[in-house]
Amino acid sequence: MPDLTVIMPVYNGEKFISESIDSVLGQTFSNFKLLVLNDNSQDQTAKILEDYKKKDSRIEVVTKLENVGPANLRNEGITLAKTEYIALLDADDIALPTRFEKQLNFLKINPEHGVCGTWFTFFGDKKNKTIKHEETHEKLKIQMLSNCCIGNPTVMFKKSHLGDLRFENDFVPAEDYRLWSQLIAKTKFYNIQESLLLYRWHPNNISQTKAANLKKSEEIIRKKQLIHLGIAFDDANMDNYLNAINLKRKLTKNDIIKTIEASKTLLKLNTSHQVYNQNMFKLHIDKVILRTIRNCKENNKSYYKYIKNESGYFSKMSTLDAVVLFFKCLF
């Protein structure tokens with residue numbers, strides 16, 4: 001019985017899937033099943049998978065007769081998995097050799113943690129750049145308010161901690177953000193502070209081809225997280241709450257005033273509900289507000305007077321920012 005199931009959805013992946021599979025087969029941890037879900041590919045993907053199945057008995061292939069999309073494929077893989085530990089990997093990415101070993105070791109000795117990710121490095125059409133997300137659970141919870149702070153193809157999780165939660169196809173390409181933003185309220189997250197995955201960037205990335213739905217989905221996900229603080233999804237002040245946790249540039253003076261007032265409400269609600277570490281939560285909000293002040297749409301004497309005398313943030317500004325603001329508003 002394997003300790004780990006690796007779930008890999010693929011659609012027309014003939015160009016890169018061999019590299020991805022080889023990266024799994026070359027792991028220092030070897031007691032796994034690689035479950036590849038072929039989404040009715042029309043290229044040579046099926047033949048490539050058959051060849052690999054003949055070479056290695058750890059590979060199992062599920063072939064779909066119609067296209068259902070990666071979110072549904074991952075859900076099917078989760079259902080089929082017989083192991084407690086499940087790792088995700090996309091069919092165009094490369095897992096570095098010690099990835100599974102290091103993630104399994106962490107999850108096994110930390111029973112309260114249900115999810116473990118890693119840093120990852122872009123390659124391909126995008127210059128090599130390592131994405132370094134936060135490490136600890138409390139910091140990740142707060143970062144999740146703004147963006148998905150765990151790389152989906154780096155994730156390893158415990159099936160028992162996931163429960164009934166699944167990827168939701170309506171949120172593609174932010175279905176990962178939706179799932180992890182829900183699960184982080186139920187179990188602890190951790191990111192290994194080392195790049196253990198190469199993330200291939202190319203024109204057919206789903207995150208690029210479905211960009212139109214991304215912004216809309218991310219806003220809904222942020223709103224749903226604020227429900228934990230007792231804020232209704234349709235709260236009339238919701239835009240201001242969102243502006244307090246995630247930077248929006250070029251706000252007017254009046255919008256900034258509303259955002260600052262909303263931030264005070266958020267901090268008060270968190271004191272009552274204790275969803276986030278209060279000091280970390282305040283630092284996050286202060287950072288967003290200070291950047292919002294710098295990016296105001298209006299720069300005039302009235303705005304400067306408000307920031308200096310009424311906002312409560314002038315003393316928190318760096319000397320350089322205060323000087324720049326003065327001259328912007330003067331001229």
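Modeller: Asparagine 240 lies in helix 10, which spans residues 238-245; helices (H or I, at least four residues) and strands (E, at least two) are DSSP runs numbered from the N terminus. The model is predicted, so local features need pLDDT of at least 70 and side-chain atom pairs count only at pLDDT 80 or more, while totals for chains, interfaces and linings use all residues. Residues are numbered from 1 along each chain as its sequence is written, and side-chain values use heavy atoms, with hydrogens and water left out.

Asparagine 240 counts as buried because its relative accessible area is 10% (buried is under 20%, exposed over 50%, partly exposed in between; 1.4 Å probe, protein chains only). Beyond its neighbours within four places in sequence, asparagine 240 is in contact with Asp255, Lys258, Thr259 and Ala262, contact meaning heavy atoms within 4.5 Å.

Isoleucine 21, in helix 1 (residues 17-25), is likewise classed as buried because its relative accessible area is 0%. With residues up to four places away in sequence set aside, isoleucine 21 touches Met8, Leu34, Leu49, Tyr52 and Ile59.

Phenylalanine 327 belongs to helix 14 (residues 319-330) and counts as partly exposed because its relative accessibility is 43%.
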